[in-house]
Amino acid sequence: MASGQSSFVQKHLTLIMANKLATVAVVLVGYMVAKLVYAVFLSPTKHIPGSLLDKTIGVRSGLSVLRGNKMHFAADQHRQYGPLVEISPGVMSCNSTTAAKTVYGSHQWRKSHFYSDFADFNGVSSLFSEVKPERAQILRRAFLPAFSRANLVAMAPNIFNHIHKFLDKLDEFERAGKPLEAYKWTRYLTFEVVTDVGFGGEYDMISSGELNHPFVMDFDGSSSWGLVKTVFPFASMVPDWMMGKKLADWRASELRTLKHAQGGLSQWRHHKQVGKTANRVDILQRLIEHGEKNPKEKLSEQELETEIMEIMLAGGDTTATTVTYGLYELALNQDVQEKLRACLRAEMPDSADVTLKHLEAVPYLDWTVKEMLRTHPTLPSLLERVVPAGGAQIAGYHVPGGSVVGMSAWSMNKSPKVFSDPLAFQPERWEKPTPEMAANMLTFSTGPRGCVGQNLAIVQTRIHIGTILRNFTVKLHPETTPEIMRTVDNFQGKPAQDRVLLYFRRTP
Ligand code: HEM
Ligand SMILES: *[C@@H]1O[C@H](CO)[C@@H](O)[C@H](O)[C@H]1NC(C)=O
Ligand SMILES: *[C@@H]1O[C@H](CO)[C@@H](O)[C@H](O)[C@H]1NC(C)=O
């Protein structure tokens, strides 16, 4: 009797489930057909080239973000469909060499919601993530004094302190006959620099020699979480238990990173109170001064914490990746390396002479750094902007207002139309750059929302590369293959494997 009843219930349950599944299937198919009809007949971007699948739903683009190969996905679409291609509904990738000025040249092309999804921190937008031009302009005004020439010159001694600690490490590894894990150690180096010149932070990552420093680990988790939110904007509302351990931990690390930022701010205030640092050069100092001079534009505590986060996010890994790939290119191109060293030594026969002034008197160092930035742009992916109402003319197409267009440094920096032999590492090409080269080198983006910290990034890279190369020879370790160095696009590009082994030898 009991078993008969339960099989009766089971049968009905199965029927109900089958019905539900059928309903879900019908709804899904209906939805897809509606999307397809919209993409083909109604969408204001229906005339833009692109695969029907991508024009209908953004699933391939979303997957490419999760797989870390969005830039390759976009390049493939360009190969098939030309310089303007719709890669998900309403979102276009452009690699026309005449478009950068239109797309990035004015505040009218706002940043897309990608930025707020990715980098708003704790619900507060930073300069980087702010999509509203009015507030971005205020924040930029507050930032600019930090990157004035005078302030950068004042920051240089701080940067030299950290690179000297790094050289001690190189000696230690050389004495032990071991290669350096260049990516990890340059990350410590640039995180030390950026927290120091950012907010007077006193992290000692290089000397402590702790490879998996909690600060850097939390930071990685936190940016991964940001990327997840760009694909699933509602991820923040999903409870931990539904998310799986890894995702929950990424989200938790965002909170831990906030603690690091809050700690940084309170330490800064404490140092200031006890008069420890009278001549502050850090970015936070300049932001706070701006608020004192312009009370209407004063940043709240939360906004300051978010800016500290941003400084770490925008200024740490970007420079570390540039320096890592730069050292790798020098190891691959020994002729460039020898020429650079010869130029550095001609300018600085004694190493006591290694100063910013001397480094900047070596044009070959400038060209080499530019070539490093060109060949390995650390934000390789699409930088999205919203087309202003009224639309615009891009690569021969009318793109409607409200749709999104992005260009990428990965593509433009290697455009064969602009850069001869684009894959070769040739600092000499920067001796006499054409206007097209300058206009299509998008490593720092361009225009009113281009990298506000680029002069600091350049000064820092010159100091790191110049000081290391003055005294050391860099060689490849056999395990450091192109596959290890393959760039993964997590919005910030990074080598596919963290273990980038390089040998450094002091060179008399
Ligand atoms: C090699 C190192 C760096 C690279 C390749 C880089 C690249 C970029 C790019 C491409 C953008 C613009 C994004 C867009 O247009 O959508 C940007 C914005 C920004 N960067 Fe950098 N950056 C670097 C270093 C730094 C440093 C050292 C700082 C500061 C400490 C910094 C702070 C910022 C900020 C605050 C923004 C937002 C500016 C705005 O939206 O108005 N960056 N960066
Ligand atoms: C670089 O090498 C010179 C000798 O050529 C030495 O005097 C100097 O101390 C070294 N500098 C650094 C920073 O290691
Ligand atoms: C655009 O990208 C495709 C694929 O990478 C490339 O073949 C083409 O040369 C690029 N166009 C320009 C103008 O750089």
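Reader: Where does UniProt place the feature "transmembrane region"?
Author: The UniProt record, an unreviewed entry, puts it at residues 21-41. UniProt positions follow the numbering used here, feature names are shortened, and annotations may be inferred rather than shown by experiment. As for the model, it is predicted: local features need pLDDT of at least 70, side-chain atom pairs count only at pLDDT 80 or more, and totals for chains, interfaces and linings use all residues. Residues are numbered from 1 along each chain as its sequence is written, while chains are lettered from A and ligands numbered from 1 in the order in which they are written.

Reader: Helix or strand in residues 21-41, and how far apart are the end C-alpha atoms?
Author: That span is 100% helix and 0% strand. Its end C-alpha atoms lie 30 Å apart. Helices here are DSSP runs of H or I with at least four residues, strands are runs of E with at least two, and both are numbered from the N terminus.

Reader: New topic. How many residues surround ligand 1?
Author: 25 residues surround ligand 1. The closest are Ala-314, Gly-315, Ser-445, Cys-451 and Gly-453. Two or more residues each come from α7 (133-143), α15 (301-315), α16 (317-332) and α22 (454-471). A residue is near a molecule or strand if its C-beta atom, placed from the backbone, lies within 6 Å of it.

Reader: Which element gives the most to that shell around ligand 1?
Author: α15 does, with 4 residues. By class, the shell around ligand 1 has 13 nonpolar, 9 polar and 3 charged residues. Ala, Val, Leu, Ile, Met, Phe, Trp, Tyr, Cys and Pro count as nonpolar; Asp, Glu, Lys and Arg count as charged; the others, Gly among them, are polar.

Reader: You listed Ser-445. Where does it lie?
Author: Ser-445 lies in the loop between α21 (435-440) and α22. Its phi is near 60°, a positive value in a residue other than glycine.

Reader: Why does Ser-445 count as partly exposed?
Author: Because it has 19 C-beta neighbours inside 10 Å. A residue is buried if 20 or more other C-beta atoms lie within 10 Å of its own, exposed if 12 or fewer, and partly exposed in between, with C-beta atoms placed from the backbone.

Reader: Which other residue has a positive phi, near 50°?
Author: Ala-395, again a residue other than glycine. Ala-395 sits in the loop between β6 (392-394) and β7 (397-399). It counts as buried because it has 20 C-beta neighbours inside 10 Å.

Reader: Back to ligands. What is around ligand 2?
Author: His-164, Leu-167, Ser-351 and Asn-471. That shell splits into 1 nonpolar, 3 polar and no charged residues.

Reader: And which residues surround ligand 3?
Author: Ala-75, His-78, Arg-79, Pro-83, Asn-95, Thr-97, Ser-411, Ser-415, Pro-416 and Lys-417. Helix α4 (residues 70-81) gives the most, with 3 residues. The shell around ligand 3 has 3 nonpolar, 5 polar and 2 charged residues.

Reader: On to strands. What is the order in the open sheet of 5 strands?
Author: The order is β1-β2-β8-β5-β3, with mixed pairing. The edge strands are β1 (84-88) and β3 (110-111), and each pairs on one side only. Two strands pair if DSSP finds at least two bridges between them. Strands of a sheet pair through backbone hydrogen bonds, either parallel or antiparallel.

Reader: β2 and β8: parallel or antiparallel?
Author: β2 (residues 91-94) and β8 (residues 404-407) are parallel, over 3 bridges. Met-92 stands opposite Val-405 in β8. β5 (residues 383-386) runs antiparallel to β8, joined by 4 bridges. There, Arg-385 stands opposite Val-405, and Val-386 has Val-404 as its bridge partner.

Reader: How do β1 and β2 run, and how many bridges join them?
Author: Antiparallel, with 4 bridges. Leu-84 faces Cys-94 in β2. The two strands form a hairpin with 2 residues between them, and Gly-90 in the turn has a positive phi of about 80°. In β1, 5 of its 5 residues are buried.

Reader: Last one. How many residues of α19 are buried?
Author: 10 of its 13 residues, so α19 is mostly covered by the cut-off of 20 or more C-beta atoms within 10 Å. Among the buried ones are Tyr-364, Trp-367 and Glu-371. The cover includes α16, α17 (334-347), α18 (356-360) and α22.

How values were computed:
Two residues are in contact if their C-beta atoms, placed from the backbone, lie within 7 Å.
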